[in-house]
Structure formats: C-alpha cells, structure tokens
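Me: Please take me through the terms used for this model, and set each value against its definition.

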Amino acid sequence: MTMLNDTQEVRTSPPAPQKRSPLYLLTGLILGLILGLVYAWVINPVIYEDTTPASLGDADKDFYRSTIAQVYAHTGDLERAALRLALLEDEDPVYTLGVQAQRVLAEGQEAEARALALLASVLQGLPQYQQTTTESVSPQPTATDPPPSIPTNTLPIPTSTP
Amino acid sequence: MNRRVWRFVFFGLAILAGFTAGLGYGWVINPVRYKSTSPETLRRDYQTDFILMTAELYNTEGDLPLALARLDFLGDGSPLALLNAAIDFAHTHHYAPTDLQLMQVLAADIVLVLGETE
C-alpha cells in the first residue's frame with residue numbers, strides 16, 4: 001500500500017521544464033556566416049571590370065611606365081607624361097623610374113633605360129616631385145647631404161655616390 | 001506552435017542572420033581584392049590612352065611589329081578591334097584631332113600591311 005502511494009506521487013508531479021541552452025542559435029549563426037562567406041568570396045565574388053593602371057601587377061606596371069617614358073622621349077610632352085605616370089600611383093615616381101631604368105639597363109635594353117632615366121631626371125626638376133623625392137629618399141635632409149641618387153639625362157645608370 | 005517548431009524557426013533565422021552578416025563582410029567590409037589585375041580589365045579610357053601611346057610611338061618609330069606587340073599588352077583580341085574601339089571612344093569623348101589621327105593612321109597601316117579586318 002505504501003509503495004502504491006509513492007508511485008502515484010511520482011506520476012502526478014509536473015514534468016520539470018527542459019532548460020535547453022541557446023547554443024543552436026549560435027550554431028545557426030555560424031552556419032549562415034560560413035554560407036554567406038562562401039557565396040560572397042567563392043560563388044559570386046566582387047568582380048572588377050573597370051580597373052585602373054594602379055591595380056595592375058608589377059610587371060604590367062613596369063611595361064606601362066616604360067611606355068609612358070618612351071612616349072615622353074619621343075614627344076617631349078611632360079605634362080601628359082606626368083599625368084599618365086600619376087595613374088600608376090607610385091609612392092615615389094622619380095625613384096621608381098630610376099630603379100626601373102637601372103633594372104632594364106642591366107637587362108641590356110639601353111634605349112628603354114635611357115627613356116626612363118630621362119623622364120626621372122626631368123620630373124625631378126618639377127617642384128612637386130622634388131618634394132616627394134626629398135620626403136621619401138632622405139627624410140631629414142641637411143645642407144651637407146648628398147643629393148638623392150636618381151638617374152640623369154646624360155648618365156642612365158643611377159649611382160649611390162654623389 | 002509548440003516549442004519544437006519555434007526552435008526550428010529561430011534556427012532558420014539565425015542562419016539567415018549569419019548569411020547576411022557573411023555577405024556583408026564578404027562583399028562590403030572585406031571583398032575579394034585583385035591586387036594584380038590584367039590590362040584587359042582596364043577601364044575603356046585607360047585602354048584608349050594606352051592605345052594612343054602606342055600610336056604616338058608608332059608615329060615616330062614606324063615599327064608596326066613593335067606597335068602590335070605593344071597592343072598585345074591589352075589582351076589577345078584583334079589589335080584592329082582594339083584600335084577601332086579606342087577611336088570610337090576618342091571620337092565620342094572629343095579627343096584632340098591630332099590624337100585621333102595618330103590612332104587612325106595606325107589602324108590604317110594595320111589594315112594595309114596585315115590586311116586584317118575585324
């Protein structure tokens with residue numbers, strides 16, 4: 001009789017409410033995030049169609065820069081050359097031209113090196129390029145500092161000595 | 001609706017929220033970046049300017065194979081098609097007549113020497 005009463009007490013007691021953690025929400029969020037990233041990066045990524053010369057690869061930039069320099073060497077149109085060169089968004093156009101001139105000269109392309117060096121030399125004479133060169137090549141110039149090494153019109157190989 | 005159904009609804013909403021956040025991050029905050037794009041993807045005005053440079057060089061050098069090699073920079077398509085597109089663009093955007101003429105001369109010489117047609 002006692003046992004029967006105990007059994008009845010268990011049956012009539014209300015079931016304890018199940019406290020489930022909201023972990024499933026986090027799982028859903030992460031799953032959705034992964035799906036979203038896969039869709040945005042792999043399935044349907046942003047496509048660049050109308051790019052600028054500044055986004056070209058290094059080799060293509062070199063070719064573009066070289067073409068600008070060669071056109072300048074033939075036409076002497078500095079304004080147009082400077083505008084075109086600005087499209088490449090080089091940090092220091094004069095320095096970049098000089099480095100490229102050295103490189104192509106080492107590869108034996110003298111005419112191309114001369115054109116690059118000529119443009120670098122002429123651009124360095126412009127105030128805005130002088131400022132850029134001074135800031136990036138010698139941050140703290142003094143009166144006794146040697147001039148930054150840039151190629152010249154008559155000497156296509158830039159040297160580090162003044 | 002019972003508790004189980006609600007859980008499915010919330011689970012679906014969580015996936016949707018995550019998906020939206022993923023899209024926002026992948027498309028807006030940190031989209032795929034192309035650091036080394038191909039010259040073929042250059043905007044039409046930049047392509048036209050490059051073609052003009054090629055024509056300017058051809059005007060002084062007179063070296064057609066070299067000019068064609070330079071035009072290859074913009075892709076494997078027909079050089080004449082590229083030139084004609086550039087001439088059209090230059091005409092529409094009122095380029096200087098001398099610039100237009102330079103490109104027209106190059107296009108004419110390509111047709112003359114190579115007999116290429118679009």
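**Terms and values**

Reply: Helix 2 of chain B, residues 44-61, has 18 residues and reaches 25 Å from its first C-alpha to its last, close to the 26 Å expected at 1.5 Å a residue; the expected span is 1.5 Å times one less than the number of residues, and helices are DSSP runs (H or I, at least four residues) numbered from the N terminus. This is a predicted model, in which local features need pLDDT of at least 70, side-chain atom pairs count only at pLDDT 80 or more, and totals for chains, interfaces and linings use all residues. Residues are numbered from 1 along each chain as its sequence is written, and chains are lettered from A and ligands numbered from 1 in the order in which they are written.

Me: Why is helix 2 of chain B called largely enclosed by the rest of the structure?

Reply: Because 13 of its 18 residues are buried, helix 2 of chain B is described as largely enclosed. Just after this helix, B:Gly62 takes a positive phi of about 65 degrees.

Me: What makes A:Tyr72 count as buried?

Reply: A residue is buried if 20 or more other C-beta atoms, placed from the backbone, lie within 10 Å of its own, exposed if 12 or fewer, and partly exposed in between; A:Tyr72 has 24 such neighbours, so it counts as buried. A:Tyr72 lies in helix 3 of chain A.

Me: How many residues of chain A are in contact with chain B?

Reply: Contact requires C-beta atoms, placed from the backbone, within 7 Å, and 36 residues of chain A are in contact with 33 residues of chain B. Helix 2 of chain A gives the most to that side of chain A, with 15 residues.

Definitions and conventions. Contact = placed C-beta atoms within 7 Å. Helix = DSSP H or I, 4+ residues; strand = E, 2+ residues; numbered from the N terminus.
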